Amino acid sequence: MPDAEADLIFEMYACFAGLKKLGWEEAMYCPKDGTVFEVIEAGSTGIHDCIYEGKWAKGSWWILEGGDMYPSRPILWRAKQKAGAKRDE
């Protein structure tokens, strides 16, 4: 399987590019003013509420869940989706 790794890397990039076409942006461009936004983490299938806390680039991302906060290393972010809103047609 000499091409399996390259094929998977290409597939991962294609998914990353597809999500960017749907309005997701690289995590480093997220709001840094305490605004809650949504993130995707590598290795997870969920979309999580998150904040960035601290001064860039020494701060941290934090997932907000069930009244608690968990450290995060997101790869993509987008503005928090409003309940019932349609993002893409």
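Which residues make up the largest nonpolar core? In this predicted model, local features need pLDDT of at least 70 and side-chain atom pairs count only at pLDDT 80 or more, while totals for chains, interfaces and linings use all residues. Residues are numbered from 1 along each chain as its sequence is written, and side-chain values use heavy atoms, without hydrogens and water.

The core has 9 residues: Ala-27, Cys-30, Phe-37, Val-39, Cys-50, Tyr-52, Trp-61, Ile-63 and Trp-77. Such a core joins buried Ala, Val, Leu, Ile, Met, Phe, Trp, Tyr and Cys residues through side-chain atoms within 4.5 Å, where buried means under 20% relative accessible area, exposed over 50% and partly exposed in between (1.4 Å probe, protein chains only). Strands S2 (37–41), S3 (48–53) and S4 (60–65) each give two or more residues to this core; strands are DSSP E runs of at least two residues, numbered from the N terminus.

Now to the pairing of these strands, which requires at least two DSSP bridges.

The S2–S3 hairpin has 6 residues between its strands, and Gly-43 in the turn has a positive phi of about 85 degrees. In the S3–S4 hairpin, also with 6 residues between the strands, Gly-54 has a positive phi near 110 degrees.

Trp-56 sits in the loop between S3 and S4. Its relative accessibility is 41%, so Trp-56 counts as partly exposed.

Terms used:
Helices (H or I, at least four residues) and strands (E, at least two) are DSSP runs, numbered from the N terminus.
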